[in-house]
Amino acid sequence: MGYCPNTPEEIREMLAVIGAGSVEDLFAPIPQELRAKSFELPAGMSEFELLAVMRSKAAAGGTDIVPFIGGGIYDHIIPAAVGHLSSRAEFYTAYTPYQPECSQGTLQALYEYQSAICRLTGLEASNGSLYDGGTALAEAALMALRVTGRNAIVLDASVNPLHREVVCEYLGSLSARVEQVEPKGCESDLERLIGSITGETAAVMVQNPNFFGSVHDFTALAAKVHEQGALLIVSCYPIALGLVKSPGEMGADIAVGEGQSLGNTLSFGGPYFGFISTRKRLIRNLPGRIVGETVDKEGRRGYVLTLQAREQHIKRHKATSNICSNQSLCALRGLMFVAALGKRGFEELAGLNFDKAQYAKSLFSGIKGVSVLNGEATFNEFTLSLPKGAAGVVQSLLSSGVAAGVPLGAYYDGMDNALVVTVTEKRTRAEIDRLATLLEEALCN
Amino acid sequence: MQLIYEKSVAGRTGVRIPLSDVPKADPFPEELRRQEAAALPEVSELDLVRHYTNLSRRNFSVDTNFYPLGSCTMKYNAKIMEDVAALFSDCHPMLALIPGGEQLVQGPLSLIHGLEQQLAEITGMDEVTTQPLAGAHGEMTGIMVIAAYHKARGENRKYVIVPDSSHGTNPASAAMAGYEIVTIPTAPYGDMDLDAYRAAMNGEVAAVMMTCPNTLGLFNPYVAEICAIAHDAGALTYYDGANLNAIMGKVRPGDVGFDVIHVNLHKTFGTPHGGGGPGSGPVGVKAGLIPYLPTPRVVKKDDGSFSVEAHPEGIGRVSDFFGNFGIMARAFGYITLLGGEGLIEVSEQAVLNANYMMARLKSEYDLPFDTTCMHECVFSASRQVKDGVHAIDIAKYLIDRGFHPPTVYFPLNVKEAIMIEPTETESKETMDAFIAVMLEAAQVARSNPAALHEAPLNMPVGRLDETRAARAQQVCCEQ
C-alpha cells in the first residue's frame, strides 16, 4: 500500500535481528496515554482510481479561460525540453547537495542558474533561489536592514500588492517600519520616494515594470538613495529584462523577482521561485544557499555550497535567514528556459510581448470611453480606465471564456474603473481582437 | 564538465519562439531600453539536452541510489503523483482573486480544503493553512501566529525555547518572527533537560518548539509534561513535524498537547525533494488559534462550494498565493491513495527499517543512545576517530560504493554524528547491502585508515576545497 516492499517473511527476519516480538513492540517507547485519539481517514485506492479523482478536480480548474491576467504570474511558452530535462529523476529526486562529490549535477546547474540571474539582472552575485516573488522582496528588505543597520523601508505602493503584504508581514514581526508611498496615477512618485528617505531608511523598494505595467528608469533614484546611505532594491519581471534596462544598469544594489515566467507552469500559485542578486561586496548578507566554484586535489573544477556560515544550520538564530529548502527545481527550470531560448531568442520573446501588448493597447484605447492610464512606456501590461466598474466588467466577461484583466479597485482607492490587462506572446491576435469586441459590448450595455 | 556558457557559440539559436501575428510596434523608448543583451547561452536544442542529461548523471538521487539522509525522509516518490500534479499546470492563481473567478477554480480550491482536512486529522489539529512554502517557512508562520495570539491578549512575550538538538531552522525561524532564543541542553535520557526547561519557563516565554521524535530519532516520553509546563506559564507549544513519518496513526501532536504544528509535505507525504526544493510546510493550529492564521483562507460554504476569504484578525499573507500547490496536489494524492491504513503501515515500516539498521550496525559503531529508535538512528564515529577516521571519511567511502551518505555532523549534540534514516520504501536487501559497506568501512578504518581519507575516488571530482570556494567567492561565471 505505502510503497513498502518488505514481505511478511522479511519482516519476521528483521524483528528477530532486532529482538522484538512484533512491529507494535517498537512503539513501546510511546506511553499508551499519548496514543492517537482518532485517525479517521478513508481507505486507500489504486493510482488508476486516484487519477480519475484528480482529473475531475483539474477539470474544474478554469483552464479553458483565456488569461489576460498577470499579477506577477504570467502565461508564457515553455519549451518542451524544459519539462523533459527537469523531469530527469536524477535532478528531481535528489535533495540539497550536502555531499558535493555525488551532487555535481545539481551544484553545477545551480551555479549556471546563479550566473543566468546575474547576467539578466546586471548584478554580480546570486543565491540558489528563494521561495517566491513576495518572500524574495521581504528577504531583500531584511538584507538591507542588516547591511545598513537601519530599521525602516520606503516601499513604492506601485509594487505588486500581494508582495507588499508579504513584506509588511515579515517586517512587522521585527518591528521594522515600512513607509508606503502612493503612486501618482500609474507612475511611481519619484519625488515623494526621495522625500521619504530619512537617516533610518535602509532601502527604497520599487518594481519595474510596476503593478500598473509602467516602465521606469530608476537611475536617478539610485543616485539619490545612495547619497542618503540607503540601498535601492528593484523587483523585476525577468521576461521584461530581454528589453528593459536591468537593475544593475540603473545602479540598484539588490534585484529580486518572481521567477515563474522563466519556464514554470502556472500551477495555481506554485511551486515557483524567487530570485535575488546583489553586488559582490554584499554577498555575505545574502540569504539562503549559494553555490561556489572550487577545485579538488587534482585541480579538477567542481562546485560546492559555500559561505555556509551565513546559514541556519551553522548560525542558528543569528543566520541571515531561516530558509533551508528552497525552490531549486523551479530555478533549474528557469535556467533551462533561458538556455533553450538563448541570448537572441530571449530578446525576441521580450520584443514579441511588447508588440502584442502594444497592438492590444491601441485597439482597446480606441473603444469609446476607454483610455490608457499609463503615463510612461509599458512592456506587456497596461492599465485601462473603463467608463464603468472594472470588477463587474471582468466578472461578466468570464462567462465568455475570457479573464479580461485584474481590476484595481480591490488594491487601490479610487481605482474602481481601472483594469490591468496582460498580453503575453501566447495571446493570439484573434484572442486580442475578440477581447476588444467583448469589451466594447460590455461597455455599451 | 564544461559550463553551458562555455558551450555557447555566437549566433547559434535554440528553440524558436512563436511567430508574430501582430504588426511591429513603434520602438521601445531608448532611454528605458537595456543597453546590452544578457549574455545567455547560445546553444542548439541538442546541445541543451545533452548538457543537462549528462549533468543529471552526476547526481545521486532516490531513483538511482539508496539515500538514507537522516532528517530528510528520502522515500520513494511515486510517479503517479507527477502526473497528478501536471493536471493543474494551466490553472492561473489570479483567477481565484478576480471577481467571479473563484467559481471557475472550484477543483483546485476543493483540493486545498481537502488536504487541509486530511492534515488536520493526521495531526490532531483543528485547522490548517497551506500557505507556507517550506518547513522553515511553516515554522516562521507558526511562530507569527503564536505572536499574534499573545498580542491579542495584550501580552508582550520575548522568548522562544528550543532544545539544543533542534534543527537550526527552529531558532532561525523564531528569530525572524521577532523572538529571542533560549536553548535548553540535552539530558542523558536523550532529550531536553526537564529541570533546565522548568527553570527557563516563565511568563515571558511565548512558546517552546519541540521535534518529536527528536533529531536523535527518540520519542520523548515527557512530551505531555513539557506541554503542560508551558501551558501553566501561559506559553504555547510548537511541534516541528520534520519527523512525523515515524508516528502516523500512533500519536497525534494535537492529542498530546501541541497548539501549533507544521508538516513537511516533501518528507512525510512523499513529494520529491527537487535537488533542494520545492518543499511545502502547511501549518496546523488548535481551535483557539484559528483567528490568527494567515489571510486569506479557503472556506467551504454551506452550499458545498469553496471561496477565498479575507481573514481579518489573522496575520498577513506569508506567501503570494495558496502555497506550493503542485506539491500540495502530490501530497493530497499520496494521502488519498494510501488511505489511513496505508499511512499507518508507512510509519510502522519506517520504524522497523530504522531499528533493523540500528541493530545491525551497533557492533561496529558507537550508539550514544542505545534504545529503541523511531524512524532514524544516530551513531557516532567516535570509535573510528581513534584510528584517525571521521564521519566525513565514512561518508565519502559510501559514495564510492554507490550509496548516498547519511546525514553527518548533525545533530550537533552528538560528536561525529552519523544519522541514518532508511525510510519505509527501502527493502531489506537494499539495507543489507548498505550495512555490508558500513561494516566494511569500519574494518578499513582499522586496517587502512589512509584509504578512507582518499575517498571518493570513483566520482567525477574528489573532495573539493571548500575553504578556497569561500575565499574566492566565485558564484557566477565570468562573461
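Student: How far apart do the C-alpha centres of domain 1 of chain A and domain 2 of chain A lie?

Tutor: Good place to start, and keep in mind that this model is predicted. Chain A is divided into domain 1, covering 66–75 + 344–444, and domain 2, covering 80–337. Between the C-alpha centres of these two domains of chain A, the distance is 28 Å.

Student: Which element of chain A gives the most to the side of domain 1 that touches domain 2?

Tutor: The contact takes 24 residues from domain 1 of chain A and 23 residues from domain 2 of chain A. On the domain 1 side, helix 12 (328–365) and strand 12 (381–385) of chain A each supply at least two residues. The top contributor, with seven residues, is helix 12 of chain A.

Student: How many residues on that side of domain 1 of chain A are nonpolar?

Tutor: Let's sort them by kind. Four are charged and eight are polar. The nonpolar ones number twelve.

Student: Now chain B: why is it said to be as compact as a globular protein of its length?

Tutor: Chain B has 15 helices and twelve strands. For its 479 residues the globule rule gives 23 Å. Chain B is as compact as a globular protein of that length because its radius of gyration is close to that value, at 25 Å.

Student: What share of the residues in chain B is buried?

Tutor: Here a residue is buried if 20 or more other C-beta atoms lie within 10 Å of its own. Applied to the 479 residues in chain B, that cut-off gives a buried share of 60%.

Terms used. Residues numbered from 1 in each chain as written. Chains lettered and ligands numbered in written order. Predicted model: local features only at pLDDT ≥ 70, side-chain atom pairs only at ≥ 80, totals over all residues. Domains from an automatic or database assignment. Contact = placed C-beta atoms within 7 Å. Helix = DSSP H or I, 4+ residues; strand = E, 2+ residues; numbered from the N terminus. Nonpolar A, V, L, I, M, F, W, Y, C, P; charged D, E, K, R; others polar. Rg over C-alpha atoms; globule rule 2.2 N^0.38 Å. Buried ≥ 20, exposed ≤ 12 C-beta atoms within 10 Å, placed from the backbone.
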